Amino acid sequence: MSIPWHRDGRHILNAIAAEGSLATMVLGNSMGTNWKGHYTTSLLDAFAQGRLTRANDFSETVKLFMLLGRYMQERYHGRYYAKAQNLARSLKAAYDVAMRDCNLLVMPTLPLKATRIPPADVSREEYVARAFEMLPNTCPFNVTGHPAMTVPCGMSEGLPIGIMLIGRIGEDATVLRAADAFQQQIFTAPAPPDL
């Protein structure tokens with residue numbers, strides 16, 4: 001099955017996540033606004049103190065998205081965030097159409113073989129590149145809201161291979177049942193090695 005919109009999912013997410021993370025994590029102090037549930041003021045205080053006094057402890061990818069979000073908001077005033085949110089409806093519709101005649105979509109979790117975790121002294125550029133190279137197949141579902149999960153389906157040179165199961169909106173239980181059945185009947189991942 002081919003879903004051409006799938007290739008655009010990461011670009012749609014990038015535009016939404018950059019300004020969205022700025023609005024939630026920085027301007028919204030980890031809670032955002034207009035939430036109708038309980039606001040935990042002590043959590044807001046703790047997050048603000050940590051963000052203001054230990055911002056360097058954020059990962060390189062979080063720092064990148066905060067800076068990019070600020071730039072996008074100041075330079076384009078939410079234009080690309082809005083465009084991405086508009087495109088998100090087409091992305092969601094493409095998956096909905098694909099799942100009219102099936103209960104689940106199954107695809108590789110990663111578009112590449114699993115790689116080793118980079119060493120602590122890796123360059124900022126390589127750290128960010130390695131983090132983002134793993135996202136193309138998973139990030140579209142952060143945009144659309146389709147339930148998705150990965151399960152191990154094999155091993156290659158001691159590293160896991162995963163498949164991702166994607167269900168229709170609201171059918172999380174179908175994804176969970178399929179993942180459980182796969183792990184029970186087809187492939188059970190080996191226990192991780194002792195460290």
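Which residues does V143 touch, not counting residues up to four places away in sequence?

## V143 and its surroundings

In this predicted model, V143 touches G9, I12, L13, I16, A88 and L91, leaving out residues up to four places away in sequence. V143 sits in helix α6. Its relative accessibility is 18%, and because buried means under 20%, V143 counts as buried.

V143 and N14 are 129 residues apart in sequence, yet 9.8 Å apart in space, C-alpha to C-alpha.

## The chain as a whole

The chain contains 7 helices and 3 strands. Along the sequence they follow the pattern α-α-α-α-β-α-α-β-β-α. Taken along the principal axes, the C-alpha atoms fill a box of roughly 50 × 45 × 35 Å. Among contacts with a separation of 6 or more, 69% join residues 24 or more positions apart.

Of the 195 residues in the chain, 34% are buried. The accessible surface is about 12,600 Å², and carbon and sulfur atoms account for 57% of that surface. The chain has 19 positive and 17 negative side chains. The centres of these two sets lie 7 Å apart.

## The nonpolar cores

In soluble globular proteins, nonpolar side chains tend to be buried together. The largest nonpolar core in this model has 20 residues. Within this core, I12, Y95, L105, V143 and I166 touch the most other members. At least two residues of the core come from each of α1 (9–27), α4, β1 (104–108), α6 and β3 (159–167). Helix α4 gives the largest share, 6 residues.

I12 shows what such a position looks like in detail. Leaving aside neighbours within four places in sequence, I12 is in contact with W5, A84, L87, A88, L91 and V143.

## Aromatic pairs

How many aromatic pairs does a search of the whole structure find? The search gives 5. One of them is formed by F65 and F132, whose ring centres are 5.6 Å apart and whose planes meet at 65°, so the pair is edge-to-face. This pair links distant parts of the chain, with F65 in helix α3 (residues 60–76) and F132 in helix α5 (residues 124–132), 67 residues apart. F65 and F132 are both buried.

Y95 and F141 form a tilted pair, with 4.8 Å from centre to centre and 50° between the planes. Here too distant parts of the chain are linked: Y95 belongs to helix α4 (residues 79–98) and F141 to helix α6 (residues 140–144), 46 residues apart. Y95 has a relative accessible area of 0% and is buried. F141 is buried as well, with a relative accessible area of 5%. Elsewhere, Y71, Y76 and Y80 form one aromatic cluster.

Is H6 buried or exposed? With 14% relative accessibility, H6 counts as buried, because the limit for that class is under 20%. H6 is found in the segment before α1.

Not counting residues up to four places away in sequence, H6 touches L91, Y95, M107, P136, N137, P140 and F141. This list includes Y95 and F141, the two members of the tilted aromatic pair. H6 and Y95 are 89 residues apart in sequence, and their C-alpha atoms are 8.4 Å apart in space.

## Two loop residues with positive phi

S30 is not a glycine, but its phi is positive, at about 85°. S30 is placed in the loop between α1 and α2 (41–53). Its relative accessible area is 28%; S30 is therefore partly exposed, as this class lies between the limits of 20% and 50%.

E157 is not a glycine either, and its phi is positive, at about 50°. The loop between β2 (148–156) and β3 holds E157. E157 has 67% relative accessibility and counts as exposed, because exposed means over 50%.

Key:
Residues are numbered from 1 along each chain as its sequence is written. This is a predicted model: local features need pLDDT of at least 70, side-chain atom pairs count only at pLDDT 80 or more; totals for chains, interfaces and linings use all residues. Side-chain values use heavy atoms; hydrogens and water are left out. Helices (H or I, at least four residues) and strands (E, at least two) are DSSP runs, numbered from the N terminus. Buried means under 20% relative accessible area, exposed over 50%, partly exposed in between (1.4 Å probe, protein chains only). Contact means heavy atoms within 4.5 Å. Accessible areas come from the Shrake-Rupley method with a 1.4 Å probe; for residues, only the protein chains shown count as cover. Lys and Arg count as positive and Asp and Glu as negative; His and the chain ends are not counted. The place of a charge is taken as NZ of Lys, CZ of Arg, CG of Asp or CD of Glu. Rings of Phe, Tyr and Trp (its six-membered ring) pair if their centres lie within 6.5 Å; planes under 30 degrees apart count as stacked, over 60 as edge-to-face and the rest as tilted. A nonpolar core is a set of buried Ala, Val, Leu, Ile, Met, Phe, Trp, Tyr and Cys residues joined through side-chain atoms within 4.5 Å.
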